[in-house]
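I opened a new page for this model. My plan was to look up a few features and note each one down.

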Amino acid sequence: MKNLNLTIDGHAVTVPEGSTVLDACRKLAIDTPTFCWAENLTPVNVCRICVVELEGARTLIPSCSRKAEEGMKIRTDSERVRLSRKLVLELLGSSVDMSLAKDFAPLAKRYDAHPERFGPRAARAAAGEREQAHAGHHETGDGQTAANVGQPMKVDNELFVRDYERCMLCYKCVEACGNDAQNTFAIAVAGRGFDARIATELETPLPDSACVFCGNCVGVCPTGALMFKAESDLRKSGGWDETKQTETDTICSYCGVGCQLTLRVQDNQIVRVTSPSDHSVTGGHLCVKGRFGWAFVQEPAAQDKGGS
Amino acid sequence: MVSVAGKRCVEQAFGAADIARVEAALGGARVAPARYALEASGPRRLLARAGRVDPCSIEAYGASGGWRALERALVIGRDGVIGELNAAKLVGRGGAAFPTGRKWEAVAKTPAGPRYLVCNADESEPGTFKDRVLLEEDPFALIEAMVIGGYATGAEQGYIYLRGEYPLAAERLEHAMAQSRAAGRLGPAHAMKPFAFDIELRRGGGAYICGEETALCASIEGSRGEPRTKPPFPVHQGLFGKPTAINNVETLVAVLDIVRDGAAAYAAVGTPGSPGTKLFCVSGTVRRPGVYEVPFGTRLGELIELAGGLSGPAPLQGILLGGAAGVFVGPDKLALPLSFEDARAAGATLGSGVVFVLDESIPLVPTLRRIAAFFRDESCGQCVPCRVGTVRQEELLARLANGKPRGDLAAERALLAELGQAMRDASICGLGQTASSAIESALVQLQPFVKSSR
């Protein structure tokens, strides 16, 4: 394979053909933030937090999707890069509840982002209100408050909840549900512009939709918009306590594929099931049985048997 | 276009419509349209037939010089066609001004396999109505140009992506395509046309973003109209992932004169950097709004005079050049020669040819708010800088318009400058990249919030 030589922040780096600029940055240990990128999904370059400056280019380029080219001269910490990253953080922070996105607070500090510059948050939408928005029409307010995607949580099944006021529209769930993992296509982006949102067909509740409850959307969600109901209930009741949680790796016992499961447990109750995104069998993705079919483990009878 | 439930759509160009005229049209009467001007100050090239030759007759098209460019293309060959376009320095008329010859050459040089030629007829830049005139008044010219494009690029299939709100254009194009097929100008290869090329008409659903070339491809493919990141460019991976040349209507029609008469004859008018003629859509407070064909290099003031000058007694306030994605210039720019190089040097753009004239009687602030609302409505929502940035921009303008800035005017302008810079630098496509350009230029050039009278 051909090697490509790039210069990033003055340092020479060589990467194999087909690598992205992000790969090259990471090879130099340059900390490049991402929200919508994941190693097990096709890059969609929509969040724009990973932009870098390419010499000779009119605009900044998304490092997550841009393929490395011979001779590229790149700057990752120029004034333009810092400004765009700061604004992306401010725009997200002022319109989406990013409090559970694990990188958000440190990034806001690093880039001196102040989402409140755009004013106090406007009132949340009522249930169903955002879904009724008509493309090409909106109410123009007085600008004193910042429009946001605040809305009630959607709880229509026992397995996971959809808390779309935390949705930054990174497209990861759509990709995991579609071409990149599950090929179910139960969800897509509906609506336009600021009214764009993740939706099932005709906004049907998940149990009536094409959803097969594999939970791969939950597995890739970076902001906590999609969450196990067990976790969501604990958070609501104030019982969520990460200091009391452990993670245990095991193999799913349902079939012979051999998917690795990582069980997150609090008070001897499973609160979340994931799989490592670099696992050779799962690539981070599971099916409904591995992801949600663990209630039997917690049945008192099962636990007694295990103990005897 | 007016529609009444259960009845066929009524499509008529009214010009400035009042209730009485609309009612009369709905009643079935043929209301004489307040016709927009179709004029030229130099040679009539793009508008040679518009309004003069029957757009529904292939015989009339042939009798008025039609198909002669195609005949010469077959004589000079593929390379000859591309050579003429390069020599004529033809660049795209849709707004981005990319050299057409280089685009066709790139597609022609791709490895053998399916290729496409797409005509972007989604004309939806506010204030732009030049392509509509060509589509409605001279549909055969577009077809002939696309056949030449298919020949030069090696594409066997063409698409016209037509703005959904142009029903008359759709009707005339379908009719012209059927006649051209019957006459052997479109369709399979034969002795007189030794290559296959046909065209499919696709109508848009009303989204501005679908005029962006990669979103347009997504829309034709049946996907949501969202732009794709470039590179790869459409010339390498466009429609259905295949090499694709995407050209604006006016660009394609300009190809005819260049191929038929040669680049040297084409450059008889215009400037050295921008040879030939250009259509401008003059609207706003001028006496005769309409489509004007003028040689490149015509001064902005001359164009406005051609349109009859200002319509009222109020003095000129400013001019929006290039549409909502363009920039405002002040009255001091009337001597600006309208060419790509002069516009660029002045920090302006010709964009899609919009010249929207505002006199002092037009309140500027509501106009700016309308532009901000437009971009908020038309952002596809894919990337953060544009999806949220266009909302924040509109909110900021609302605060200024209401006289309740956060901090003071200077603070708001600094915030808008940062917002605009991030949208320009970090948005995926041209929509977000230009969404603040008209508003920022207006604040600098026309100072609307400084002069308290507005």
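How do α13(B) and α14(B) run relative to each other, roughly parallel or roughly antiparallel? I set out to answer that.

**Ground rules.** This is a predicted model, so local features need pLDDT of at least 70, side-chain atom pairs count only at pLDDT 80 or more, and totals for chains, interfaces and linings use all residues. Residues are numbered from 1 along each chain as its sequence is written, while chains are lettered from A and ligands numbered from 1 in the order in which they are written.

**Helix pair.** I looked up α13 (residues 364-378) and α14 (residues 384-401) of chain B; their axes come within 8 Å and cross at roughly 160 degrees. Axes here are lines fitted to C-alpha atoms, for helices over the stretch in contact, and angles run from 0 to 180 degrees between N-to-C directions. Helices are DSSP runs (H or I, at least four residues) and strands likewise (E, at least two), numbered from the N terminus. α13(B) and α14(B) are therefore roughly antiparallel. That term covers angles over 145 degrees; under 35 is roughly parallel, 65 to 115 roughly perpendicular, and the rest oblique.

I then listed who touches whom. The residues on α13(B) include B:V365, B:L368 and B:F375, and those on α14(B) include B:V391, B:L397 and B:A401. Contact means C-beta atoms, placed from the backbone, within 7 Å. I sorted the residues of this contact into 9 nonpolar, 2 polar and 3 charged. Nonpolar means Ala, Val, Leu, Ile, Met, Phe, Trp, Tyr, Cys and Pro; charged means Asp, Glu, Lys and Arg; the others, Gly among them, are polar.

**Facing chain A.** The contact between the chains takes 35 residues from chain B and 36 from chain A. On the chain B side, α13, α14 and α15 (409-426) each supply at least two residues. α14(B) gives the largest share, 12 residues. I counted this side as 13 nonpolar, 8 polar and 14 charged.

**One loop residue.** I found B:V286 in the loop between β6 (277-284) and β7 (290-295) of chain B. Is B:V286 buried or exposed? B:V286 is buried, because 23 other C-beta atoms lie within 10 Å. The cut-off for buried is 20 or more; exposed is 12 or fewer, and partly exposed lies in between. B:S311 is 25 residues away in sequence, yet 4.6 Å from B:V286, C-alpha to C-alpha.

**Whole chain.** Chain B has 17 helices and 10 strands. Buried residues make up 55% of its 454 residues.

Key:
Contact = placed C-beta atoms within 7 Å.
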